[in-house]
Amino acid sequence: MQLKIYNSLTSEKEIFKPILEGNVGMYVCGPTVYSNVHLGNVRTFLSFDFIYRSLMHLGYKVRYVRNITDAGHLTDDGDVNNDRFVKQTRLEKLEPMEIVQKYTVDFHKVLDLFNLLPPNIEPTATGHIVEQIELTQKLIERGFAYESNGSVYFDVLEYNRRGLNYGELSKRNIEELFANTRDLDGQGEKKNPQDFALWKKASPAHIMRWNSPWGEGFPGWHLECTAMSTKYLGETFDIHGGGMDLKFPHHECEIAQGKACNDAAPVNYWMHANMLTMNSQRMSKSTGNYILPMQLVTGENDFFEKPFHPSIVRFCFLQAHYRSVLDISNDAMLASEKGFIRLMEAIKVLHNITPNDEKESAFSLEEWKNKAYDALTDDFNSPVLIAHLFEAVKYIFALNDNKETISTKDLEELKSTLNAFVFDVLGLQNIEENNNEKLDQTLKVLIELRNQARKSKNFELSDQIRDKLLAEGIELKDGRDGTSYVLN
């Protein structure tokens, strides 16, 4: 079996050849922890969780690095007040690291809920300030960056003058970029409008600041991933992943920084997960077409008729290829629930099948396995893999109805293969077996959300959570040691 991966850099499927045979270095851009993780983020991280699981199942030893952006995420290089953390600290009247801690905890809880495996290393931007300063100094020394009024910028035009190609990933023409870009207000420090910040001078009101050779400031957004990926995976590594929205400018800037620093392409295979839509429309807070992950699980929303277990949500997400747009709707979730239940029922039925070694089955287990692995190794094609799993499901119910037979050897192999695909690779969980544990986890999250609402004096929301749980037979009890629940 040859694993093929679609490389966003070449726009082609390529046979995967790791730098070190049998090993994979994979870096995925993690969250910017200034707000609750949204459902589109979950789709991206779940896609790479499936890829991570698949690589391990195929026998690779994987070092999976996923960062936490806890500083320096500017929406506009020209204005330090556009730092997302600065905006949120003012909005919530909290210290920046309180914001970071609050939403990092939320991020981990949500990903745990959907059964994502943790990465091997989860570095933070603030934990690698020294490395980012060193990279900036190196880029200045090599003539790819310049200091201006206490800030440092990457010189995109100089990068292209040396025969390098800023725009190679996003397929953008640099000359057109320069021709079509206005010199925006506040960008007078830059030589060119397309230059991007490596280090920004902190204004007097900016709380997150560190000493540097250029004065007090903070790192630009793009530099942290170059600093952390090279530290833990080397100057060139196998796979870099992220959402489609990060192609430009974030990943484009990473390529430029890596090549300018090390005279080598930083990544061999670029992978991008596509976006999530709801009811065929882009998810957006401004339009109201928006839902948080927990609202899909608890049913506290106006879009879905009932709550859906995290494993059913995961199953729904994996029915679309990671490079395809995934649209969720009430009908899509109900169909996923139906399919999920049938898959789990088939696994349960399989354990009660009696083998028959006297008759030959019309179902070729070896051919089925080959088709399933062909899907897995064809750029991690989860929907085709799932379709093949349902071929086995049909066979299992035929066995149960005595319309088919299976040998003892094939029965054991079918059990182990199906379990591996369903639970290890797809990462699904049997709801029935995990019901109490998942209920406990879900209620803990709801209790925490209620406590946050009470702390924010949003008593209407607090009472709504309590009363709706009570209507479902779950009574919350507030005590000296916190809030507990009782099933009535």
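Modeller: Ser11 counts as partly exposed, at 38% relative accessibility; on this scale buried means under 20% relative accessible area, exposed means over 50%, and partly exposed is in between, for a 1.4 Å probe and protein chains only. The model is a predicted one, in which local features need pLDDT of at least 70 and side-chain atom pairs count only at pLDDT 80 or more, while totals for chains, interfaces and linings use all residues. Residues are numbered from 1 along each chain as its sequence is written, and side-chain values use heavy atoms, with hydrogens and water left out.

Ser11 lies in the loop between strand E1 (4-7) and strand E2 (12-15). Helices (H or I, at least four residues) and strands (E, at least two) are DSSP runs numbered from the N terminus. The phi of Ser11 is near 60°, a positive value in a residue other than glycine. Most residues other than glycine have a negative phi, and most peptide bonds are trans. Ser280 also has a positive phi, of about 65°, and is not a glycine. Ser280 is found in the loop between strand E11 (276-278) and strand E12 (281-282), and at 64% relative accessibility it counts as exposed.

H13 has 19 residues and spans 27 Å from its first C-alpha to its last, close to the expected 27 Å at 1.5 Å a residue; the expected span is 1.5 Å times one less than the number of residues. At its N-terminal end, H13 is capped by Asn381, with a side-chain oxygen 3.4 Å from the backbone nitrogen of Val384. A polar contact is a pair of N or O atoms within 3.5 Å; within protein one must be able to donate a hydrogen and the other to accept it, and residues adjacent in sequence count only if both atoms are side-chain atoms. The buried residues of H13 include Leu385, Leu389, Ala392, Ile396 and Leu399. Also among them are Ser382, His388 and Tyr395. The cover over these buried residues includes helix H1 (39-57), helix H10 (310-318), H11, H12 and helix H14 (408-425); contact here means heavy atoms within 4.5 Å.

Rings of Phe, Tyr and Trp (its six-membered ring) pair if their centres lie within 6.5 Å; planes under 30 degrees apart count as stacked, over 60 as edge-to-face and the rest as tilted. By this rule there are 20 aromatic pairs. In one of these, Phe363 and Tyr395 are stacked, with 4.1 Å centre to centre and 10° between the planes. Phe363 is in the loop between helix H11 (330-350) and helix H12 (365-377) and Tyr395 is in helix H13 (residues 382-400), so the pair ties together parts that are 32 residues apart in sequence. Phe363 and Tyr395 are both buried.

Asp379 lies in the loop between H12 and H13, and Arg323 in the loop between H10 and strand E13 (326-328), so the pair ties together parts that are 56 residues apart in sequence. Asp379 is buried, with a relative accessible area of 0%, whereas Arg323 is partly exposed at 28%.

The side chains of Asp49 and Arg53 meet at 2.9 Å, N to O. Both residues lie in helix H1, four residues apart, about one turn of the helix. An α-helix has 3.6 residues a turn, so residues three or four places apart point the same way. Asp49 counts as buried at 1% relative accessibility, and Arg53 counts as buried at 7%. Arg314 joins Asp49 and Arg53 in a network of salt bridges.

Methods:
Salt bridge = Lys/Arg side-chain N within 4 Å of Asp/Glu carboxyl O.
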